Amino acid sequence: MSATLTLTKEKEILQVKDLQQYFPIKGGVFGRTVNHVKAVDGVNFTIYEGETVSIVGESGCGKSTTGRAILRLDEPTGGEVIFQGTNLLSKSKREMRSIRKDLQVIFQDPFASLNPRRSIGQTLEEAMGILNVVPKANRRRRAIELLEQVGLKEEHIDRYPHEFSGGQRQRIGIARALAVEPKLIICDEAVSALDVSVQAQVLNLLKKLQKEYGLTYLFISHDLGVVRHISDRIIVMYLGKVVEIAEKKSLFDNPRHPYTQALLSAIPEPNRKKKKERIILKGDVPSPIDPPSGCRFHTRCPLATDLCRQSDPELKSLGEGHQAACHYAEAIS
Amino acid sequence: MGTEHKETILEVKNLKTHFFSGKKVIKAVDGVDFDVKRGETLGIVGESGSGKSITSLSIMRLIAEPPGKIVDGEINFKGKNLLSETEEGMRQMRGNKISMIFQEPMTSLNPVYSVGEQIAEAFRIHQKLPKKEAWQRAVEMLRLVGIPSPEKRAKQEPHELSGGMRQRVMIAMALACKPELLIADEPTTALDVTIQAQILDLLKNLQEQLGTAVIMITHDMGVVSETCDRVAVMYCGKIVEHTDVDSLFENPKHPYTQGLLRSIPAVDRDVEELEAIPGTVPSPDNLPKGCSFAPRCPFATDLCRTEEPDLLIDNDDKVRCWMYSERWNGPAAKEVAADVSHANAN
């Protein structure tokens with residue numbers, strides 16, 4: 001695995017620079033903007049071709065908002081999203097449409113994103129038709145091929161979404177994303193709604209397809225087990241900011257940010273022999289409308305000092321691609 | 001876990017809860033037996049549609065009728081069969097002797113009353129306390145479940161609280177009358193892991209303080225391992241394996257349990273490919289003949305596909321699988337078990 005990593009690391013496919021997503025809060029009699037929800041506040045990362053990068057974090061950390069901002073499903077309020085060398089934020093809606101051919105998304109609930117009145121075949125053929133990825137005459141054949149590739153059968157092609165189980169629908173969602181032959185797929189909680197036995201099938205499928213098509217994944221999830229299984233590198237977010245980026249092994253074996261440490265220690269352990277020391281964080285995640293001063297984690301951090309309350313730590317490199325945004329990251333191990 | 005000498009407070013015998021829709025009969029729970037001892041935690045695990053939540057709603061007698069009906073069985077709570085209890089009698093029981101907490105606290109809390117009033121209601125109804133005293137007790141309960149400045153919080157409405165806080169309020173409400181049995185149906189599924197850790201920790205402490213027995217209904221094997229003493233694994237409305245928590249993880253017997261444990265992506269090791277269970281859970285109105293798990297089972301023989309196995313009992317362990325019976329003629333069960341414990345040890 002490390003061999004493929006060093007190879008693929010050469011070419012960047014996606015660069016997110018200082019990405020900012022503020023949602024206005026309207027108030028008062030004239031509906032003026034009175035404040036902002038700072039959902040994503042200055043996020044930077046790079047994804048290389050052929051790798052799987054995950055964004056993890058708890059609800060409200062901005063992981064899904066980051067995904068949506070990259071796709072421009074919500075218009076980001078600042079920053080740059082450079083995909084294959086072009087800044088997506090400077091493109092018109094029309095130009096974006098052709099770029100989305102290379103940039104696909106799979107959502108948590110495939111039922112909500114499949115048209116209930118179209119058969120699976122129609123849905124897949126429509127996707128191929130939008131940019132004429134596949135000539136009309138070949139579309140049905142390609143649709144059958146895709147279904148088989150995601151583990152469904154030819155006979156499923158004329159059925160409708162309601163005739164499928166949750167796991168099968170997620171396979172259809174994957175087939176549709178693949179129909180336009182994308183380069184990067186953003187998987188937003190793509191397996192979160194599935195039962196574990198089916199979740200494992202879909203994760204295996206995603207890995208298989210990645211090898212066959214040379215895909216790059218940006219995987220957004222709250223489930224650290226899933227993330228560990230699928231990722232090469234992991235980005236941890238807290239309250240709209242990146243707190244740690246590292247290769248999978250480095251992150252799980254040697255987390256350097258106190259939040260990552262608490263997050264990892266909070267996972268219930270199915271292995272009975274390994275009783276681990278649990279760090280129980282106090283309180284809840286603060287509001288992103290009025291985030292704490294200094295380091296955003298200081299209100300819950302067991303190691304917080306005056307420095308943390310006053311100054312916001314930069315994401316700094318700790319060697320071997322490991323980065324953490326903590327004043328004391330060097331001291332923590 | 002030292003539970004063997006303790007008094008049994010709940011005994012469920014041959015429980016069958018079926019749903020009737022037109023000509024179809026959906027056997028959501030179909031012959032379930034288990035018991036719960038004082039102070040212990042029994043886990044009921046299974047995937048969607050396994051019947052775990054319907055089992056808990058049946059115990060509370062909260063099955064909407066029609067379409068549902070408890071068609072057979074006994075639910076003995078401290079020697080009294082709840083199925084022959086009147087509706088009024090059940091109302092006395094719920095929230096008093098037996099309480100329940102659900103996955104999504106927002107849907108179980110009344111949005112227009114302060115949380116303090118909602119907790120105080122339990123004291124007023126079940127313990128006939130005057131209003132002022134009930135309120136004070138409610139505030140104490142909020143303090144007990146670790147809500148900061150409980151006097152202030154008690155006056156707030158549910159929407160003013162975060163998800164973790166709301167679940168704490170639900171726990172406060174459920175434990176207000178010191179019930180002997182608490183049914184927790186996916187209590188932490190909607191919560192983030194760091195908040196989940198807080199809530200599980202809280203439940204454990206309160207259980208120790210109050211001596212409450214808990215039925216923990218969950219799909220998360222991590223939660224099972226951290227909270228339960230004994231575990232019943234359900235599949236398609238039946239218990240397929242029932243054992244203590246250590247045996248479940250170290251020596252799972254039923255092929256479904258084995259598959260379930262193998263398909264969880266672990267956080268402490270890397271594998272190239274997960275060992276998924278092939279296929280999907282069969283539709284509850286069209287269950288296969290024989291063992292319900294046979295179509296997905298790697299060891300299934302003709303026997304499994306034609307005849308349904310009984311729950312085989314060996315001391316305190318129960319497993320519903322032909323592999324452990326004298327009539328088995330497929331691969332030896334022992335090898336399979338060893339194989340799984342090896343996979344878990346890695």
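Figure 1. The model is predicted: local features need pLDDT of at least 70 and side-chain atom pairs count only at pLDDT 80 or more, while totals for chains, interfaces and linings use all residues. Residues are numbered from 1 along each chain as its sequence is written, and chains are lettered from A and ligands numbered from 1 in the order in which they are written. Along the principal axes, the C-alpha atoms of chain A fill a box of roughly 65 × 60 × 40 Å. Chain A contains twelve helices and twelve strands, taken as DSSP runs numbered from the N terminus (helices: H or I, at least four residues; strands: E, at least two).

**Figure 2. The side of chain A that touches chain B.** Here 34 residues of chain A are in contact with 35 residues of chain B; contact means that C-beta atoms, placed from the backbone, lie within 7 Å. Helix 8 (196-213), helix 9 (224-230) and helix 11 (258-266) of chain A each give two or more residues to this side. Helix 8 of chain A gives the most, with eight residues.

Figure 3. A buried residue has 20 or more other C-beta atoms within 10 Å of its own, with C-beta atoms placed from the backbone. Among the buried residues are Pro258(A), Tyr259(A) and Leu263(A). Their cover includes helix 9, strand 9 (233-238), strand 10 (241-247) and helix 10 (248-253) of chain A, together with helix 8 (193-210) of chain B.

**Figure 4. An open sheet in chain B.** Eight strands of chain B follow the order 6-7-8-3-9-10-12-11, with mixed pairing; strands pair if DSSP finds at least two bridges between them. Strand 6 (98-101) and strand 11 (312-314) of chain B stand at the edges with a single partner strand each, so one side of each lacks a neighbour in the sheet. Within the sheet, strand 3 (residues 41-45) and strand 8 (residues 213-218) of chain B run parallel and are joined by five bridges. Thr41(B) stands opposite Val214(B) in strand 8 of chain B.

How values were computed:
Contact = placed C-beta atoms within 7 Å. Buried ≥ 20, exposed ≤ 12 C-beta atoms within 10 Å, placed from the backbone.
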